[in-house]
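Visitor: I have the model open and would like to go through it with you. Can we start with the domains and then move on to the chains?

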Amino acid sequence: MRIAWLPRAGRSLLVLIVVSALTCQLAALLPGDPAFVILGDESTEAQREALRHTLGLDQNAFVRFVNFMGGVVTGDWGTSFASGRPVLVEILSRVPATAELVILSQVVALAVAVPLALHSARNVGGKLDRLVSTGTFLLLAVPSFVVGIITIQFFAVQLGWLPASGYTAFVDDPLENISHMVLPVLTLGLAEGAVYVRALRGSAIEALRSPYAYASIVRGASDPQLLWWRILRPSSSTLLALIGVSLGVALGGTLLVESLFAIPGLGRLTVSSLGVRDLPMIQGVVLFAATTVVIFGILADIAVSRIDPRSKHGLV
Amino acid sequence: MALSDLATPGVAIASVARNRIPRIGVIVALLWLALLAVGALVAAAGLTADPLTNDYTVISQAPSLAHPFGTDNLGRDVFSRSLHGAGSSAVVALVTVFVGGGLGILLGVWAGLRRGIADAITGFLTDVTIALPSLIIVATVVTLAGPSLPTISLTIAAFAIPVFARLSRSATLSIAAENYVVAARTLGASGWRILTREVLPSVLPVMMPFLMTTLATAIISEGALSFLGFGLRPPEPSWGGLIAEGRTQLALAPWVTLLPALLLCVTILAINVLGEHLREAKR
Amino acid sequence: MNRRRASCALLAATIVGMLTLSACSSPTSSSSPTVAAAVSSGGTLTVALDRELATLDASTAVMGQQPVRLLANALYQPLMAPAEGGTFTPGLAKSLESDETATHWTLTLPQKVTFSDGSPLTTASVKANVEHLADPATKSPAAAQAAQISGMTITDDTTMVFDLKAPNADFASQLARTLGMVTSTTAKDQFGFPIGAGPYTIESFTPGDSVTVVRNKNYWGEAPDLDSITFRMMPDADSRFQSLKSGDVDLIWTEVASQFEQARSDSALAVHVAPAAVSALQLNLSNEKFADVKVRTALAQAIDRDAVNAVVNLGEGTTVDSPYSLLADAPSIDYPKYDVDAAKKVLEGAGLSFSISADNSPDSIQRATVIKDMLTAVGVDVEIVPVDGASFGTALAAKDFEAAVLVTSIFSDPSGGALVATSTGQYNFTGYSNGNVDQLLGSAKALTNGPDRTKLLTDASQKLATDLPMLWLTAGNAGFIGSAKVAGFPDVSKLTLVSVQPGEIGWAAE
């Protein structure tokens, strides 16, 4: 492993600090008074004034940023205006739903994409290949919110096969959990799968053209052997990089699906926090999301360098 | 979500599949986009029914000759609203490509040619933008500046800049090493001249397929934002907004949601077909 | 052979589109709803709320809001409860009596009321709770109401007297809201919320997602029918309705007119609504554009309230012409009649142009759009400014608007009028100030119900209809749509505030 760790970590840290500073500044500019939201419209101005002071809203954004960062270092991410509970506790309580959604849809995406891509690459122009190409073209053309609307109306409302919304934790009731996850996971996973098919198919075709794949064909390797052992590994670096990015930006990706299917994940927390001007929560969520992006970026790089040694030397 | 796709360069460059798009597909796609452009222009010129005028005598009517896409719950003509929505989507897409793509490419080329500090600054800005959760930022900006078309297009464009910067930087790096650039440098050509005569003409074609992908993702992003309530606000028509508005009556008046959705999907499909075609043509 | 692919794709897209289109347009059955049935004991009800609750603390603003009432009533049964036509009836309390001046109110509690931990709820608990709400550290919106109480005299465990700083004939309405939700000041439940005395207690709570309440074992009254109720928080109105239709939830809160319309034609669903959401166009009087009462009158004449009701409320709901329109003894006054010609005489060619701020919910925008159309027809240039929910209240309070559509439930009882019309009212966003109206409503505050009070309210309403600081629109329906199998649901249609005590409802006996 030749990745220069120290500069990379330092740079990531700096990125996170800049991101937090930006959010703090932006949040301070938001119109709408959090004190008004907390106290409701029957409150008096004096009451709101007092509350603004208690919440530290009368300090300037820079002071609030310094306080926030100071807190983050000690593990205290602040207290939510809306619930009065610690921000980090709230965020962590929303992670399971989002994580499950993301992981399952990645699994579905890969389970669909890898075999389809490898086999289409083996028989370029064949029946399967044409079908897959057409299919991915179509899937990529339908945005997730359209897929979501139609699947809810059709599978949940008309046919009544699956629940239209909601979430049950896996530990509470595994079956309920899965049945609630089917539609959101398909909505999210199939589009992702289409992207993966196209990426993997391309690199697999190139790998199949390499002398070394040719050698194994000559040596009489069977098709599955060839594809799964000889081709998948060298062609998966693009895929890994893609997955890294997908996981990192998952928060944005799941948001639509979370609101459509009423899943209590981080995305919905974000939107509701924006709606009630829960400034500490907004800052916390942004920092959390940015951290995930940075971490998954690094992990993807590590994975790629393991699989494809050339990348270490900047050859790819 | 779509916005995040903007940060997914791999999508565009990775598909090196050799799947020739048939000529007829390209022609159909071009025709469709041309037709849509004409429709949007005709609508913008005010030649179709006013998209904002309510007509309470024709509430939620199914598609007919008078109203090809039917009417919504205020009796507005969904066809006209869809065409106006096409206009909004086109503005967002073009601004993203020209502003986001333009600035991104310039930044990337600059970083690639100058290296050193320029490279470091660009790289850092790119990292920061990618780490920012785009939706929260866009939502905040939209809440702040108001849900106008310029605000939305420019914010979506801003998130496209780092992606273009990254891609064009690596394209520039490989081109800068080519003999003719080295030769031009040795011959004492000015930086500006090298940029406009040698580097840009080589970088731009490389970026073309990705520019097409960006057209599509920008349209989807705008739709997603409107759908979540952070896009163009009703009654201004936008595709995402139309689809979201009609959802309440999906069972009673499905055309209000599904026909604009169909328009959106076919347009994305057409753009993807053209993008794929360009990608192949490059090879 | 590849020739076909892309064209194939285009064609396939069209077909997929058409398939889903036909799949979704299957007709819905239409037959009559609701048959009154006996309530069986036991079972679980799943209710979808329209907002995400981060806390269940009774002292917070959100727990006092109309859509959350079912949950609040389950946990913190208020002392008073709304009754027909804007009146109030005892809830948890046994009685509430006022003296003639409406300054001294005697509250009687039933014997043996207990909190959910079994400890007694006495007048001392009521007093402690009021003091808790008045404390700024509690951050309760009811602090101002608590502050109007100058003294609380406890006679015995079940009788006490509230002495008010100033007469307030509408004190009962406040005891039906946050001020009347008595919680223990000593005991908290496992979630950290002060415990109440409602028929249910919290079993599980996932902030922002769901709450499950179960029978309160120590409930002092008649035990509720349902074993448990799960409240799910689903801000998206369409998701709620779809989940109801697919059977994921049994009861939803909604204010969307088209959903009432759809539900009424569906025999599996029952609608429980009242015209509880009053809308009015607020005119910012500090803006010169609205300085001339002739202009305001013409604007009122340009708005066809019946058409607003027909289009926005789909004919459900009613038109309103005063803050007291929903009440049983609604004043009958002269409000400018819809008269396009009269409006045109003043407005056409006058070059009046202004913006209407509206919160960005689809309904509000639709309402604003309809008004815009009507005003455009008489030559006024209107621009709609959608404002997000959190900024809207702040913008109104700061008078940062030209005209604004306010939708509210404050007119569910007589206290609402003073809030918008007196010069110091908390909802006086228009900047309206009329000494006469202040005086009329001030006197009304000191009169408990009766013809004299109605006369005062009528006079004030007439002044408002002449001065027109706000243009009245409609009262839209709000309430519940539920499975037709849910029984025991009270008739809410005469209520002005949809507040249901969940102890009464349950599943229909087979």
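Visitor: How many Å separate the centres of domain 1 of chain A and domain 2 of chain A?
Guide: In this predicted model, the two centres, taken over C-alpha atoms, are 34 Å apart. Domain 1 of chain A covers 7–74 and domain 2 of chain A covers 87–313, with bounds that come from an automatic or database domain assignment.

Visitor: And how many residues does the contact take from each domain?
Guide: Domain 1 of chain A contributes 15 residues and domain 2 of chain A contributes 11 residues, where two residues are in contact if their C-beta atoms, placed from the backbone, lie within 7 Å.

Visitor: Which element gives the largest share on the domain 1 side?
Guide: That is H1(A), with nine residues. Helix H1 (5–29), helix H2 (34–39) and helix H4 (61–73) of chain A each supply at least two residues there; helices are DSSP runs of H or I with at least four residues, strands are runs of E with at least two, and both are numbered from the N terminus.

Visitor: Before I go on, what are the conventions?
Guide: Residues are numbered from 1 along each chain as its sequence is written, while chains are lettered from A and ligands numbered from 1 in the order in which they are written. As the model is predicted, local features need pLDDT of at least 70 and side-chain atom pairs count only at pLDDT 80 or more, whereas totals for chains, interfaces and linings use all residues.

Visitor: Switching to chain C, how many residues does its contact with chain A take?
Guide: The contact takes 41 residues from chain C and 49 residues from chain A. On the chain C side, H1(C) gives the most, with eight residues.

Visitor: What about the fold of chain C, how many helices and strands?
Guide: Chain C has 15 helices and 19 strands, and its C-alpha trace spans about 80 × 70 × 40 Å along the principal axes. Of its 510 residues, 56% count as buried, which requires 20 or more other C-beta atoms within 10 Å of the residue's own, the C-beta atoms being placed from the backbone.

Visitor: Which part of the contacts in chain C is between residues 24 or more positions apart?
Guide: Such pairs account for 72% of the contacts in chain C with a separation of 6 or more.

Visitor: Last one, which residues does UniProt list for a domain in chain C?
Guide: An unreviewed UniProt entry lists residues 88–415 of chain C for "domain: Solute-binding protein family", an annotation that may be inferred rather than shown by experiment. The end C-alpha atoms of residues 88–415 of chain C lie 12 Å apart, and the span is 27% helix and 26% strand.

Terms used:
A residue is buried if 20 or more other C-beta atoms lie within 10 Å of its own, exposed if 12 or fewer, and partly exposed in between; C-beta atoms are placed from the backbone.
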